[in-house]
Every structure is written in C-alpha cells, then in structure tokens.
Amino acid sequence: MHSSAQEELYLAASKVPWVPQGDGIYFKPLRINRKAGSWINLLKVQRAGRVNRHRHLGPVEAYVLAGSWRYLERDWVAKAGDFVFEADDDIHTLEVVGDAEMITLFSIHGPFEYLDDQDNVIGAETADSKLDRYVRHCEQFGIELAPIIF
Ligand SMILES: [Fe+2]
C-alpha cells in the first residue's frame, strides 16, 4: 500500500453501513480526507427528517439519487437526477419534500457549523467528526472498517 494522493479507490459501498446521525437521518461515508478536511457521503433523510440550519465553511456539491428535498431558504426543489452546488459560507436548512425518503450524494469541502436562530454556533461537523461517528458505529455493531480514510 502506498500513500499517493492519486491512489485509486474501489469501494463496495453496499458493505458500508448507514450510520445514524439524527432523527430519520443517516449517512454512508464513501471517502474521508482528514488532511483536506473534506468528505464524500451519501445522505439519507426520511420523510420527517430535517438537517438543522447550518453554515458551510467550504463549498458543497450534491447529486440527488432518490426522493426530493429543498432548503427552506431557497425556492427550488432538488429531485432525483438534479445537481446542486453551494458556495462556502452558505447557510441552509434541509427538509424532505413529499413522502419518499431522499438519498443524495454530497461532496463536502470543509466543516459546517450548526446555527441557532441568532446565528450562534451550536455544533459542528468535520471530516474527523464524521469519521469518529462512523468508526464508533462500526465498533458497536462489529462491522469491519471500509478503506474510506485518506
Ligand atoms: Fe448543507
């Protein structure tokens, strides 16, 4: 094994678990780059789930695989097959539209901070926090770690 940044990755993603991250919210990490602080994951949000208001410190790309969702702060609805880009500093709140759960591939280039209504930071997610949550979940359920850490 070498440590080149160009090293390829083949991942049987079906073997990576859906890790609970909140009420009706799960993520499946595909690649976590601790040095760059970036990560790629599938996000699954069930009907009643919501990703609370947050601010991204880096840009985000998203490709919707199933279901529909929107940001409360926007007019558009992202549907299966749609692509979304959000610049860094964007603040939004993600909510599912319709009855079906959504699954979306997110590429996240830096931490994001959860905000309250007065824009106070009340929590954060980073590449390390996603990794920690994934590793703890695998340890709890005896799941082998996938080669997703770079
Ligand atoms: Fe976001």
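The UniProt annotation "domain: ChrR-like cupin", from an unreviewed entry, covers residues 7-112. UniProt positions are given here in the numbering used for this model, feature names are shortened, and annotations may be inferred rather than shown by experiment. This is a predicted model: local features need pLDDT of at least 70, side-chain atom pairs count only at pLDDT 80 or more, and totals for chains, interfaces and linings use all residues. Residues are numbered from 1 along each chain as its sequence is written.

Start with the annotated stretch. Over residues 7-112 the chain is 57% strand and 0% helix. The end C-alpha atoms of this stretch are 27 Å apart. Helices (H or I, at least four residues) and strands (E, at least two) are DSSP runs, numbered from the N terminus.

Now the sheets. Strands of a sheet pair through backbone hydrogen bonds, either parallel or antiparallel. Two strands count as paired if DSSP finds at least two bridges between them.

β1 pairs with β2 (residues 25-33) over three bridges, in the antiparallel sense. Pro-20 stands opposite Tyr-26 in β2.

Another open sheet of six strands runs in the order β7-β6-β9-β4-β11-β12, and its pairing is antiparallel. β12 joins β11 (residues 112-115) through four antiparallel bridges. Leu-115 has Val-121 in β12 as its bridge partner.

Next comes helix α1 (residues 127-141).

Which residues of α1 are buried? They are Ala-127, Lys-130 and Tyr-134. They cover an arc of only 70° around the axis, which puts them on the same side of α1. The arc is that of the directions from the helix axis to the C-beta atoms. A residue is buried if 20 or more other C-beta atoms lie within 10 Å of its own, exposed if 12 or fewer, and partly exposed in between, with C-beta atoms placed from the backbone.

The buried residues of α1 pack against β1, β2, β3 and β12; contact means C-beta atoms, placed from the backbone, within 7 Å. The face turned away from the buried side carries the exposed Asp-132, Arg-136, Glu-139 and Gln-140.

Methods
Two residues are in contact if their C-beta atoms, placed from the backbone, lie within 7 Å.
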